[in-house]
Amino acid sequence: MEKRKVNKSVVIGTIGADAHMIGGWVLQKTFKDAGFTVAFLGAVVPQQEFINAAIEINADAILVSSMYGMGLLDCEGFRGKCIEAGLKDIILYVGGTVAAPLELDKNWPEIERRFREMGFNRVFRVSTTAAEVAKTLKEDLGIA
Amino acid sequence: MAIKIKNKRLTDEEFFKIRKEEVLPMWTTGKGVENLSECIEIAKELSQGKNFALKLKEAKEKGTHLLIPQFGRALTEYTIEGLEYVEANSDLASSGAWLIYSDSYTRKLDFKSAQAGIERSKKEGMSMLNGWPIVNFGVEEARRIMKATKVPLSFNSTDEDGRLAAEIALAAGWNSCFVRSLQEVIAHCKNIPLEEEIRLNQYEARLAGIYTENGVPICPWNPSNLSGYDSAGYRCFVNVSESLLAAEQGVKYQFLELGQNMNLIQDIAMIRVTEKLSNEYCKRFGYNVEFFTGGFPFLGAWPPRAEEANAMIAWNAIISIMCGATGVILKCQDEAFATPTKESMAMSVRIARHLITLMGTQKIPDNEALRLEEAMIEAEVRALMEKCLEAGDGDMAVGMCRGVEAGWVDTMLTPWKYNKGNVTVMRDAEGAVRYFNTGDIPMPPEVKEYHKAKLAERAKKEGRELNFDMVVQDLQFASRIAK
């Protein structure tokens, strides 16, 4: 199968009922500065809106921000919807304060396991900088 | 655009029509609060000796502080367990109150997702929601929580429509809901027009008015939490303008709560000017309102390590205490990671309580820097208020809508699509928040110059030109930690 050509484009937004948009806003600026095309969807974004935007700009990746602790619930079924929309191999990242219970946050490998099981390629802690995310994505896309 | 909203008290007929047609049918638990007079009677009994408004009044008269930790878990048992733990492991009961928040699905009226979150939490044995889903549980469960605590409860309904949540909270003897509109669209909304948000909040304010008139004093929060990155003048304007809308609905007590930017002088000036102008404008329109003030800990990004987070908890509390604010709202060291745990909240109460012991009766002394800062905030807010009143022909609700529409009521960053976002703010050499770009705000020239001069001090100190990257870096000002 032919490998998809890297388009240097990403979709960024905050998922679910979550109104925190500043982390995503910092990310979109970093990615634009790094030469990416960015569809920045702001906050309170449903899964399908991420996917529609990804199709529209032919995105390499969807970067999901979740700051209010319910990311584990909001991200369920995301990969399935991507597959349905023909985005089987799109890179999915999630980052932020992704789980409300502190006992889960303290057990980070368990959080990683759960998101991997849901089809996410990576999950980033809230302390990760935007520059680190950009560097990682470039590596994952083979354009570092 | 024609603006239909007016800053006018809902008649009983209007209120009960909305109640029956829009509010109670939102979810099945609306049935539990159908009989309003019965709810008021039960609320009176349950809040006996732990009424939020009266506790604030008592603390203000004594010159002491009410510590206000925040909590909320997916299940009633977890929530009660948390309150009891904190009260047993700190002396919150001597002078304190709770702010209970609901989960974000509830705030968006997505009660089905909240229900799924409840079931999931039971299955996983931990709280998978970021707050207590008050609407799903309903009034009897809310009364259980009220009975379990020794201190007043206030409720953070937030987001677009907190009307049913407020009905349940007040009927359970919790003595506070929220009166806000611009605050909420900036903080949590995306698509709702301000006019509609004001309409929803008129109901919530009128509900507080009705309880108060029937012998249960309600002190709603009038908050300026906003996006976490807003100028002191904008924060103050939000409180003062909204104080008029709440007062019109018969709200007799208001808790003016301001998110702190963490500069000692500026935050204190902001809180004092807010109280002064809220009083003044309400008097001008003939409203009789008693105001209390409270400082809310920084709303931007928090540091991911306990030591730094505890430094922030202490610094935020010190600012509120030195200001003489009656309410000292607390976050905890879990802020960067997760929903607060009971252990960390108890720790925050102990930190703040010890600060009050250590600081004695010290307050910030009158000084020139403070007077200047107050004068600048006051001039900015007066200019905004007067422009709104002029644009609204004396009607604040209309003026606010016009101001947002035209972009002279504006702030930097928000999920809300109607905000123009033509202003930018950054920190000066002392960490105070200044306008880098004033957009279309009607700033008096001397205030504009003042902000410019303060930023020039930072440019000089850092030996570099001010630029937009510094605005972005400032967003992480408090969350970066030294390695």
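Let's start where the two chains meet: four salt bridges are found across the interface of chain A and chain B, a salt bridge being a side-chain nitrogen of Lys or Arg within 4 Å of a carboxyl oxygen of Asp or Glu. One of them pairs Glu49(A) with Lys190(B), whose closest N and O atoms are 3.8 Å apart. Keep in mind that this is a predicted model, in which local features need pLDDT of at least 70 and side-chain atom pairs count only at pLDDT 80 or more, while totals for chains, interfaces and linings use all residues. Residues are numbered from 1 along each chain as its sequence is written, and chains are lettered from A in the order in which they are written.

How many residues does each chain bring to the contact? Chain A gives 29 residues and chain B gives 31 residues, with contact meaning heavy atoms within 4.5 Å. About 2,700 Å² is buried between the two chains, and carbon and sulfur atoms give 67% of that area; buried area is the accessible area (1.4 Å probe) that two parts lose on being put together, summed over both.

Now step into chain B and look at helix H8, residues 139-148. Seven of its 10 residues are buried, so this helix is largely enclosed by the rest of the structure. Buried means under 20% relative accessible area (1.4 Å probe, protein chains only), and helices here are DSSP runs (H or I, at least four residues), while strands are E runs of at least two. Among the buried residues are Val139(B), Arg143(B) and Met146(B). The buried residues of H8(B) pack against helices H2, H4, H7 and H9 and strand E4 of chain B.

How values were computed. Heavy atoms only, no water. Buried < 20%, exposed > 50% of the residue type's maximum accessible area, 1.4 Å probe, protein only.
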